[in-house]
Amino acid sequence: EKLGGAQSYAFQLTVLMTKTIQSEYMAFCSTSSQFQQHVSQDTYTESRIHVMSRAFHLSQTNVKLTTHERYAFQHLDTVNSYAMVPLLDALDHRNPGNNIAWGRMTPEGDIGIRTTKHMKPGQVLFNKYSATESQEYMFAIYGFFSRQ
C-alpha cells in the first residue's frame, strides 16, 4: 500500500480516529453543559491527540492495591490502561535496535526504564514504539515515519 491517498491504511485510520475523537467530544458535551461551555472542540481534539500519541499501554500485572486504591480504580480497565510517562515519550524510536526496556518495575506498579545493554555516557537511548505495526499505522497514531 502506498502512504497517502484516500485508499491508504494511514488515511482510513486517520479518518477513523478523527470520527472517534469527534464522537467523544459530543458525548462529553451531551453529558455536561459545563464541559461544552469551557472546552472547545478544537481544544479537546488537540489535547486528545497529544494524549493519544504520547500515552503508553500498560499491560495487566500483579500489582497489589490497597482497599482505597481498589475502590478508586474499580471502574478502570487495568488490562487496557494507558498512562502518560514523562520523558519516556521523548526517547527516539528504533526498531530493531532499541536499547531500553520499560514497564511496571515494582509490585506497586511504578513505571521504570532500564537499559538492555551496557551504555556509555552520551549514547542515545532508543525506545521501540511497536514491533509489528506498519509505517502507515506509525504515522496515523504516533505522527511520524520510522527511518528503518
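Student: Nice! What percentage of the residues of the protein chain count as buried?
Tutor: Of its 148 residues, 22% count as buried. Buried means under 20% relative accessible area, exposed means over 50%, and partly exposed is in between, with a 1.4 Å probe and protein chains only. Keep in mind that this is a predicted model, where local features need pLDDT of at least 70 and side-chain atom pairs count only at pLDDT 80 or more, while totals for chains, interfaces and linings use all residues. Residues are numbered from 1 along each chain as its sequence is written, and side-chain values use heavy atoms, with hydrogens and water left out.

Student: Got it. How many helices and strands does the protein chain have?
Tutor: There are 5 helices and 6 strands. Both are DSSP runs numbered from the N terminus: helices are H or I with at least four residues, strands are E with at least two. From the N terminus on, the order is α-α-α-β-α-β-β-β-β-β-α.

Student: And which residues make up the largest nonpolar core?
Tutor: That core has 9 residues: L13, M17, I21, Y25, C29, Y44, M52, A140 and I141. A nonpolar core is a set of buried Ala, Val, Leu, Ile, Met, Phe, Trp, Tyr and Cys residues joined through side-chain atoms within 4.5 Å.

Student: Which helix gives the most to this core?
Tutor: Helix 1, with 5 residues. Helix 1 (9–31), helix 3 (41–54) and helix 5 (135–142) each supply at least two residues.

Student: What does L13 touch?
Tutor: Leaving out residues up to four places away in sequence, L13 touches Y137, A140 and I141. Contact here means heavy atoms within 4.5 Å.

Student: New topic: how many aromatic pairs are there?
Tutor: The structure holds 5. Rings of Phe, Tyr and Trp (its six-membered ring) pair if their centres lie within 6.5 Å; planes under 30 degrees apart count as stacked, over 60 as edge-to-face and the rest as tilted.

Student: Why is the pair of F28 and F35 tilted?
Tutor: Their planes are at 40°, so the pair is tilted, with ring centres 5.1 Å apart. F35 also pairs with Y44, and that pair is edge-to-face, at 6.0 Å centre to centre and 75° between the planes. Y25, F28, F35 and Y44 form one aromatic cluster.

Student: Is Y44 buried or exposed?
Tutor: Y44 is buried, at 11% relative accessible area, whereas F28 is partly exposed at 41%.

Student: Last one: where is N127?
Tutor: N127 sits in strand 6 (residues 126–127). With 1% relative accessibility, N127 counts as buried.
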